[in-house]
Each structure stands twice: as structure tokens, then as C-alpha cells.
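Hello,

Here is the structure I promised to pass on. Please open it first, then read my notes below.

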Amino acid sequence: MTERETRRMEAPSNAPPRVACIGEAMVELALDDVAPDVARVGFAGDTLNTAVYLKRALPEAHVAYVTRLGTDRFSERMISFMQAEGLATDLVGRSHERVPGLYAITTDRAGERSFTYWRDRSAARQLFEVEPPALEDLAGFDLVFLSAISLAIMSAEARAALLEWLPAYRAGGGRLAFDSNWRPALWPDRPTARAIIEAAWRQTDIALPSLDDELAIFGERQEGEVLARLREFGVRSGALKRGAAGPLALDGTPAGPFAPATRVIDSTAAGDSFNAAYLAARLRGLSEAECLAAGHALAARVVGARGAILPREETG
């Protein structure tokens with residue numbers, strides 16, 4: 001048993017939860033509709049967004065971000081941003097040859113987003129292929145959170161190693177939360193994506209899928225088909241995100257109705273923020289209905305502002 005595993009088992013039941021969020025932190029350029037030659041520079045990424053909102057919603061938790069960055073000024077600023085948000089950065093590896101990924105975001109009048117990416121040489125693509133971080137570093141965490149994007153950016157060897165490591169981690173008391181966040185351009189083909197995402201679902205303790213993503217990945221047409229397939233994969237807990245219709249509890253708990261957002265300016269990070277508030281409520285021991293309501297409420301606030309991460313005072 002590793003030192004981290006021993007620490008988790010010996011920790012008192014009321015100890016603050018330890019959460020590791022794994023993925024790619026990117027430089028975000030948000031184009032200004034009024035001044036098209038101006039772009040706001042920020043930092044985001046699906047699991048980073050979740051990590052930030054989770055730490056805000058559950059300040060007592062130890063929330064670590066697990067990724068790789070460069071040694072350039074953008075990487076330094078990104079680490080400072082994470083630390084300012086209270087995230088632990090000791091599991092952020094550094095590369096002297098690579099830099100963070102970059103994306104530009106535009107939104108239409110309905111708040112729907114479109115992205116342009118520059119991430120092929122991102123340092124995060126070396127996750128668990130070049131150390132640090134190593135998979136053993138995750139053993140002491142109560143909860144590991146990752147997404148299909150996290151899996152897609154890894155090498156095939158690193159991804160396989162992570163999926164092979166998860167059963168022992170879960171047998172030791174750890175839990176996996178997973179979001180099948182779908183970016184088809186990151187995968188070599190759809191069959192590969194389906195196989196890897198299915199493998200992740202089969203080891204997931206807290207599932208956070210979006211209905212649209214699941215329909216797109218697996219080719220189903222109806223919500224009922226998605227729910228039946230997830231049950232066949234062994235998914236029993238979590239939430240199916242359905243946008244304005246509100247989330248659905250995967251364990252069958254009745255909840256809602258959920259009021260739609262009062263305004264939609266930018267849908268960026270709607271699902272990421274839902275994940276954070278939902279997980280924070282779960283870690284606090286709230287009821288499933290309360291967890292769903294917390295996730296929906298934060299997502300409704302996030303879509304009413306531009307960018308992935310709200311100013312701290314607007315998180316609520």
C-alpha cells in the first residue's frame with residue numbers, strides 16, 4: 001500500500017475531501033463582437049473549469065489540477081491563476097519543449113459557441129507518458145474527475161495505463177467521476193472513441209454525461225436509449241445533463257422542475273460548471289435532488305455571462 005493510500009484510509013471520515021481533476025488547461029482567446037480586432041486572454045479547459053468552480057463551491061476541499069504545461073510566460077501565468085483560485089498545482093508537470101494549447105472562441109446571437117484550436121503540440125498531450133505527474137500520485141485522492149477530452153489528448157499507451165490503473169484505485173476506496181465531453185476532432189475515428197468512452201463508463205462511480213454528447217457518440221436517437229445503454233454499462237449514479245430541460249438523476253430520483261436560464265449569452269462551460277456544483281453537493285452529502293438543483297443553478301448563471309469562468313463574486 002502506498003503512503004497516499006494509507007493516508008486516505010487513515011483519514012477521519014470528516015476530513016476535507018481530496019479531489020484530482022485531470023485534463024488540459026488552455027489559453028483562451030475570446031473575440032469581442034463589438035471590437036473584432038480585440039480578444040480577451042483567459043485560461044480555461046473543461047476539467048480546469050470544473051476544478052475552479054468546485055473549489056469555489058467547496059472551499060474546504062483539497063482540489064488539485066493534474067496536467068502538463070510549459071515553462072513559458074503563459075504557463076507561468078496559468079499556474080498563478082490556478083493558485084489564486086485555491087487549486088493545488090504540485091501535480092502540474094512542466095515541459096521545456098512544449099507549451100499550453102490555445103483556442104479562440106466565438107459565440108452567435110443564441111449564445112452557441114464555436115472554437116478554433118491550436119493544441120497538437122500541447123504539453124498536456126504528454127500526460128502520464130512523461131513524468132511528472134505519475135498515476136501513483138493520484139492514489140491518495142478520494143475522487144478523480146476526468147472527461148473524454150482528458151482521454152482523447154493522451155497517447156494510446158498513457159490512456160491504456162490509466163484505464164488499467166483505475167480498478168485498483170477504486171478497489172482502494174477511490175471514486176471516479178466522468179463526463180463524456182465530445183470533441184470528435186480529437187479522436188482518430190468514432191469507433192475508437194466509442195470503445196474508450198465505454199471503457200471509462202464501465203469504471204465510473206459518478207456519471208456526468210450530456211444527452212447531446214451521448215447521442216452524437218453512440219448514434220442513438222432518444223433519451224431512453226441512452227439511459228438503457230448507460231445502465232448496461234453499469235452506470236448507476238450521477239446526472240444526465242439536458243440543457244434547458246434540466247438534469248435527470250441516473251438513479252431514478254425525481255427532481256425538478258428546473259427553471260431555464262433567464263438569459264443565454266455564452267454556453268461555454270455550462271456543463272463544466274454543472275459538474276462542479278453537482279460534485280460539491282455530493283461531497284457535502286446533500287440529497288440527489290439538491291445536487292441536481294445546485295448544478296443546474298450554477299450552469300444557469302454561467303451561460304448568462306461571457307467566457308468559461310465567472311468572476312469569483314458572480315459565482316454565488
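This is a predicted model: local features need pLDDT of at least 70, side-chain atom pairs count only at pLDDT 80 or more; totals for chains, interfaces and linings use all residues.

Start with the sheet. It is open and has 6 strands, in the order β5-β4-β1-β8-β9-β10. The pairing is parallel. Two strands sit at the edges: β5 (92-94) and β10 (206-207). Each of them pairs on one side only.

Strand β4 covers residues 62-69 and runs parallel to β5. The two are joined by 3 bridges. To find a bridge, go to R68, whose partner in β5 is G93.

Next, the helices. Find α7 (residues 211-218) and α8 (residues 223-232). Their axes come within 10 Å and cross at roughly 80°. An angle from 65 to 115 degrees counts as roughly perpendicular, so that is how α7 and α8 lie to each other.

Which residues of α7 and α8 make the contact? From α7 they are L211, E214, L215 and F218. From α8 they are E223, V226, R229 and L230. Of the residues in this contact, 5 are nonpolar and 3 are charged. No polar ones take part.

The protein chain averages a pLDDT of 92, and 92% of the residues score at least 70. Residues 1-12 are another matter: pLDDT stays under 50 there. For this stretch the model has 20 contacts beyond four places in sequence.

Best wishes

Technical notes: Residues are numbered from 1 along each chain as its sequence is written. Side-chain values use heavy atoms; hydrogens and water are left out. Axes are lines fitted to C-alpha atoms, for helices over the stretch in contact, and angles run from 0 to 180 degrees between N-to-C directions. Helices (H or I, at least four residues) and strands (E, at least two) are DSSP runs, numbered from the N terminus. Angles under 35 degrees count as roughly parallel, over 145 as roughly antiparallel, 65 to 115 as roughly perpendicular and the rest as oblique. Contact means heavy atoms within 4.5 Å. Ala, Val, Leu, Ile, Met, Phe, Trp, Tyr, Cys and Pro count as nonpolar, Asp, Glu, Lys and Arg as charged, and the others, Gly among them, as polar. pLDDT is the predictor's confidence in each residue, from 0 to 100. Two strands pair if DSSP finds at least two bridges between them.
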